[in-house]
Amino acid sequence: MRKDVRILLVGEPKVGKTSLIMSLVSEEFPDEVPLRAEEITIPADVTPERVPTHIVDYSEAEQSDEQLYQEISKANVICIVYSVNNKKSIEKVTSHWIPLINERTDKDSRVPLILVGNKSDLVEHSSMETILPIMNQYSEIETCVECSAKNLKNISELFYYAQKAVLHPTGPLYSPEEKEMKPSCIKALTRIFKISDLDNDGILNDNELNFFQRTCFNIPLAPQALEDVKNVVRKNMSDGVKDNGLTLKGFLFLHTLFIQRGRHETTWTVLRRFGYDDDLELTQEYLFPLLKIPPDCTTELNHNAYLFLQSVFDKHDKDRDCALSPDELKDLFKVFPYMPWGPDVNNTVCTNEQGWITYQGYLSQWTLTTYLDVQRCLEYLGYLGYSIIQEQESQAAAITVTRNKRIDLQKKQTQRSVFRCNVLGARGSGKSGFLQGFLGRNLVRQKKIREDHKSYYAISTTYVYGQEKYLLLHEVLPDFEFLSEADLACDVVCLVYDISNPCSFEYCAKVYKKHYMDSKTPCVIIAAKSDLHEARQYYSLSPLDFCRKHKLHPPQLFTCNTDEAPSKDIYTKLTTMAMYPHMTQADLKNSTFWLRASVGATVFAVLGFAMYKALLKQR
């Protein structure tokens, strides 16, 4: 909603512009009328729309053309005043005033006009017959009001209509020529319908209608009022009501009816509640609420956000197979202005045998977006209507900003749920295979991935001591000279080399010595392609001796050339090291430590899956 409204009154001399303003202010007709009234401000608390209103007078005798042009450019609405008993002043509306105003305003954002027929006390007849053709000719004319400054007829109504033309304009909503809503308005209301249709059955049932009514207008509809609304729709269209609920067609018809009956404010209240501005675009304030993230802190979704995202998944997983088919995914993103997930997402998270994103993969992708680009996550939650459905002030309520990592290190514990592992290695060392192995894909499945659908990220859940955590793997491109702070910042590092390539380990040794030897970031060396014959590395130390010298865990053997999904053990180890960076390498080499961590993981994974199946049965 606008912060204030600026109303400008123009017209021929002696039509009564100044008298109208003075009659409004003093509630009586002035004995003496100056050439021009001073600009007045009506405070918000005495206006029907609760918005401060500035009323500006124009006088040809006192002001230059340049001053008039400036006032036109500043005005939110312009009242063109004519005298109902003066034909010449009526003719000037079209011959002079409307062309002048249109010349001075941008064609795409024309200022709304109100035609004001003053001095109605001096005539018996109405000027409406003459004015209606003018209104039909110019779409920027919002309405016409006949009034009298002398006997105060329709004075307050005139300024109310002027306010309304700014705060609830017809232009963006409706085309009077076509007698139907404009495409951008239909698009916005369709998104609103889809968000409000909580079970995604294409119908707003009584519960959904009541929730919608309460959300937009703070009061539920009485049962009889609900029936009355549906009956109005039934009478006018055959497919507006189905199974005693409102269809999209019925919902759009109702809003068309509101607009045609001059109740634009009803539709505008709905549009603004769902984040739209005067141009029917979602506002920056709605999509990007303020969220402060101090240095060394990360962003995660909180419990309520995951519950909301689960409900969004459930309402679109029509066949209940715990995965989203391409059509189901497309349906989910219909409330977005664009498709946010490209084909690389299917290679970033877990998918089923058909390559469709699973329930776990879907939540993982949301977790990844929140961690890497929280502004984008806020935007996406905005499109889904998070703050409206969850009855929160904004999407920022979905985000947890974790405490500074230094405090975690001091306290030797963390509340974080997402840990980043940067994967570095020479070209061809097996980094991509290592990422895909985390998603349960062996070499056969990996070979089916198209090069242009490749992802440099992989994210999924692991279990440490029975706690579910997200591990985010990031493959860093091997341009040694161009490693940035962002490439190096993480919770744990994987240095990958190909055991069959004698030149492969040197890169790992150089990166470790240059960037990680003196850092507190835990490091693991991965001996990839362990199914192949091991070649002697050309580097001065063997990988095992290098690890001994720098007090690192021995190289971890890894291959994705397996019949089944590759082993997950190494990923559990990485998450554990990220969670407990203060632990010494001696602690981490202790086999009982790993046994406790991974047994907890196995038990919890089995329990978790059983609970999820039980939840599915309830659905």
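Buried means a relative accessible area under 20%, exposed means over 50%, and partly exposed is in between (1.4 Å probe, protein chains only). Keep that handy for the exercises below.

This is a predicted model, in which local features need pLDDT of at least 70, side-chain atom pairs count only at pLDDT 80 or more, and totals for chains, interfaces and linings use all residues. Residues are numbered from 1 along each chain as its sequence is written, and side-chain values use heavy atoms, with hydrogens and water left out.

**Exercise 1.** Work out how K230 and E227 pair up, and whether each is buried or partly exposed.

Step 1: look for a salt bridge, which is a side-chain nitrogen of Lys or Arg within 4 Å of a carboxyl oxygen of Asp or Glu. K230 and E227 make one, at 3.4 Å from N to O.

Step 2: check accessibility. K230 has 0% relative accessibility and counts as buried, while E227, at 25%, counts as partly exposed.

**Exercise 2.** Find what the salt bridge between E71 and R6 ties together.

Step 1: get the distance. The closest N and O atoms of E71 and R6 are 3.2 Å apart.

Step 2: E71 is in helix α2 (residues 65-74) and R6 is in strand β1 (residues 5-11), so the pair ties together parts 65 residues apart in sequence.

Step 3: check accessibility. E71 is buried at 13%, and R6 is buried at 14%.

**Exercise 3.** Say where K249 and D239 lie, and whether they are buried or partly exposed.

Step 1: their side chains meet in a salt bridge, 3.0 Å from N to O. This pair links distant parts of the chain: K249 belongs to helix α9 (residues 248-260) and D239 to the loop between α8 and β10 (241-242), 10 residues apart.

Step 2: K249 is partly exposed, at 49%, and D239 is partly exposed too, at 35%.

**Exercise 4.** Count the salt bridges in the structure, and name the residues of a salt-bridge network.

Step 1: the structure holds 22 salt bridges.

Step 2: R403, K405, D408, R416 and D491 are linked in a network of them.

Notes. Helices (H or I, at least four residues) and strands (E, at least two) are DSSP runs, numbered from the N terminus.
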